[in-house]
Amino acid sequence: MRLSYILGGLVIIAALVFGVSALGKSLTPYVTFAEARSGRGPVQVHGYIDGKGSYDAENNFHFTLVDDRGDRMEIVYKGLKPANFDQATGVVAVGQYQNGVFQAKQLLVKCPSKYQEQGPAGGQSK
Amino acid sequence: MILGTMLLMIALLAAVVAAVYYFQGARGRTEMLPYARGAFYVLAGATFLACVYLLHLILGHQFQVEYVFYNSSRDLEPFYLISSFWAGQEGSFLLWLALGLAYGLFLLRRKDDFEPQVMLFFLLVQIFLLVMLFVRSPFRLLGEVPPDGAGLNPLLQNPWMVLHPPILFVGYAGLALPFAYALAGLWRRDYDGWHRRAWPWTLFAWLFLGIGLALGGYWAYETLGWGGYWGWDPVENSSLVPWLTGTALLHGMIVQKARGSLRRWNLVLAVTTFLLVTYAAFLTRSGVLSDFSVHTFGNEGYGQFMLAFMVLFGSASAWLLVKRWNEIPARQIYETVISRDFAFLLTVLILAASATIVALGTSTPIFTGLLGQPSKVAESFYNATNAPLALLLALVLSLCPVLGWRESSKEHLFRKLSIPGALAALVTIAVALMGFTLPWVLACVFFATFAVAVNVQTLADVRSGGLWKLGGYLAHIGVGLTLVGIVGSSVYSQSTVVKLEEGKAAQAFGYSLALEPIQGPSATGWYWLPIQVSRGTERFVAEPRLFPKSEEQIYRTPSVKKYLLEDLYIAPGDYVPGGLPADRGALELQKGESKPYGEYTLHFLRFDFPPHSGGQAGPTAVSAVLEVTRQGVTWTISPTLGFDQSGKRQDREAALPDGKLVVSLEAINATQGTIALGLREPGAVKPAPVAASLTVEVFRKPAINLLWAGLLVLGLGAVIAFQRRREETRAVPSGISGVPKGPEAPRGVVTRAAPKAPIPTPRPAKPRARRR
């Protein structure tokens, strides 16, 4: 019995260490554009869209995000332009700053409608 | 309006009165129970009438009611008009309350001496929901009478989405029952009777919560077009967490019935599951996470009330648990690791761990926000932490059916596991040969197919025991299939963005995609974009759809082609109509409309059909009759769009008499009555028309259909299990509570001394035959 308690304890500790490190690695804090440019891990930035955005030759979606201070940053997203993008009041981009642009893995589109019940009215992408 | 508000006030009053009488009844004054029941019926009656009244307001387009205005409109089909009832916060609270009261009516049909305590705690939950209805009433008036409502989100105009919320709320409302029964059991010091009574309710509510989750995922996959079914979004997570603890509770209940252990675990799990339901409502409806989710409600003032009730429920449960903790009979949970007891304990632990992880991950924006900068965790956190748990769960699933309670001989295990193990190994090798070679994916495939095979074998072994015994095994086959589906469709999902142009085939994943002219709109306003898809000899038409609500807001749904082993999923993006480019002399006109072009004003009068047109074999042509005005002079011209017998374009342009403009009819849209005109100077080269284009994202989703099939099998197993537990509960004579006097404690069971145990070690009423 004692051995199994020790083993059980070790398993729990290992699981905790694993869980906490996974949590630490995947935390994506909200940061300013300047902080995002300093290039640390995955972060989220929030801002307003300038222009309409466009696809490049490899069909990646490009657009410019402007924050409250007027700072601008180019966002690249490997995927379709999210639905409701054109009427969005703001966009949250989750990703990392690399090679002069912000490579977004996920875009959350904020819509002005009152209710957004039971379903992403678009904008969620992997 | 006044009637609705009055009904809700009557309901609240009746709920409080019923709770007070039940409280007295719970303290032994049973003569109060008829009054309590009477008040409960008034509560239920008033609530159901309020529902009917709200439905009446919605169906009658009473847009002066704010809720009706924001959630419906005149052009909605009746089917979707009904779903406006639960499209917003207020209506969904009302639905939740009404469903809860429906459960209450079923509870009262069975006279049981648990009634006063159960109903007391159950009523507290209903009072909580009623208070929410007073925070924001569905009957609040706007102060004006708008001619039409704001309408229902078109993406919610989907049959799955009509069913999804009510089904989820059947689950939410029902999970109040194990909570009420657990607290009643603590109150009555009956630590076994509560779980037998709560069991079928728990299974029922858990099943519906599960169906709700599955429907939500299926809807997301089929209509949203981001290629997935689960995004680890707070709204999804917060429903998943109580489902996971509910699953743990159901397994704990089996152990408590069979072995008399896990009593404390089950009480805690029952209470926690309900508290997590209220926490889910808090996270999604208070607006705390509105920055972190694509689809939570904004802050509408519910937050502090929900927090208050959560604290109330939590502290009441904690107080009762602490007070009784030491007298709850405890029993050693397992003797050896190779036993069904240990397997169940592991299952409960795995599910509880998974629930904890998901709950913590979902709550990180709150915790980190308290410390400073609010952060959320990436999806990778949930995947990385849940994957090893799922692997472990699959291992337990494959061993559990062949394990006996208490202990099992190794020879027996080996005999029973060898064939399924060999089968699983074969499947895993086949999967590896197909090119899926990530080690942990193969491990997952191995354990999941092992679990499926062992459970299928057990199903065959025990089928003589009656259909009702098979629910659990069937459910676990479903879990195994689902696991493979999840791993395959997420790890090996591939996607690529392609721009399709009309008349030019594009390639993706070996398929050739050719865009055809846009069709529509349908009666409901949708357009569809036929894409000829071909690979080798195979060809089919994919039809992603668009719903342009306004110039900026376009809803899109994907086309999903299902194959046995994978889905080909085509999600539409931007659509650019073809024709002459606007900056090179193109003009679109509605019938009767006038538009300026340079010095000219063009007015579109009507269509004209020249002779020899419309015949089946002959050439066809359509003219647009236009009035063109320049400096007070008006000419009438009619450029023509036509085809000859072979289907080739044969247009006739019209030159203005001033000799400075040539007008051609480029395209017509008969359903909308619009035309596109080409305008240029005589002698200038006609600009080449631009082909219509559509940007699409094409996904390959291997094994996704195993996921849906697995969920169906899991649900079927759950239905059978529910039937079984319901029959068992009926078989227990009602009115019997306290400790059933069973035969001797089983051999080798060690009873841990409980400090203040006034009752002998209880045994389940009917020890089940030892299953193998």
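## A helix pair in chain B

H13(B) crosses H14(B) in a left-handed sense; a crossing is left-handed if the near helix is turned anticlockwise from the far one by less than a right angle, and right-handed if clockwise. Helices (H or I, at least four residues) and strands (E, at least two) are DSSP runs, numbered from the N terminus. H13 covers residues 340-371 of chain B, and H14 covers residues 379-399 of chain B. Their axes lie 10 Å apart, at an angle of about 165 degrees. Axes are lines fitted to C-alpha atoms, for helices over the stretch in contact, and angles run from 0 to 180 degrees between N-to-C directions. H13(B) is therefore roughly antiparallel to H14(B) (angles under 35 degrees count as roughly parallel, over 145 as roughly antiparallel, 65 to 115 as roughly perpendicular and the rest as oblique).

The H13(B) side of the contact includes B:Leu346, B:Ile350 and B:Ile357. The H14(B) side includes B:Phe381, B:Leu389 and B:Val396. By class, this contact of H13(B) with H14(B) has 13 nonpolar, 5 polar and no charged residues. Ala, Val, Leu, Ile, Met, Phe, Trp, Tyr, Cys and Pro count as nonpolar, Asp, Glu, Lys and Arg as charged, and the others, Gly among them, as polar.

## Model and confidence

This is a predicted model: local features need pLDDT of at least 70, side-chain atom pairs count only at pLDDT 80 or more, and totals for chains, interfaces and linings use all residues. Residues are numbered from 1 along each chain as its sequence is written, while chains are lettered from A and ligands numbered from 1 in the order in which they are written. The scores are ipTM 0.72 and pTM 0.82.

pLDDT is the predictor's confidence in each residue, from 0 to 100. Chain B has a mean of 85, with 90% of its residues at 70 or more. Residues 735-772 of chain B stay under 50. The model gives that stretch 56 contacts beyond four places in sequence (C-beta atoms, placed from the backbone, within 7 Å).

Helix H1 (residues 2-26) of chain B crosses H2(B) at roughly 160 degrees, and their axes come within 8 Å. That makes H1(B) roughly antiparallel to H2(B). Their contact has 23 nonpolar, 3 polar and no charged residues. Among the elements of chain B, H2 (residues 33-59) has the highest mean pLDDT, 96.

## A barrel in chain A

In chain A, 5 strands form a closed barrel, E2-E3-E4-E6-E5, with mixed pairing. Twist averages 55 degrees from one strand to the next. Strands pair if DSSP finds at least two bridges between them. E3 (residues 61-66) and E4 (residues 72-77) of chain A run antiparallel, joined by 6 bridges. A:Phe61 has A:Tyr77 in E4(A) as its bridge partner.

Conventions:
Two residues are in contact if their C-beta atoms, placed from the backbone, lie within 7 Å.
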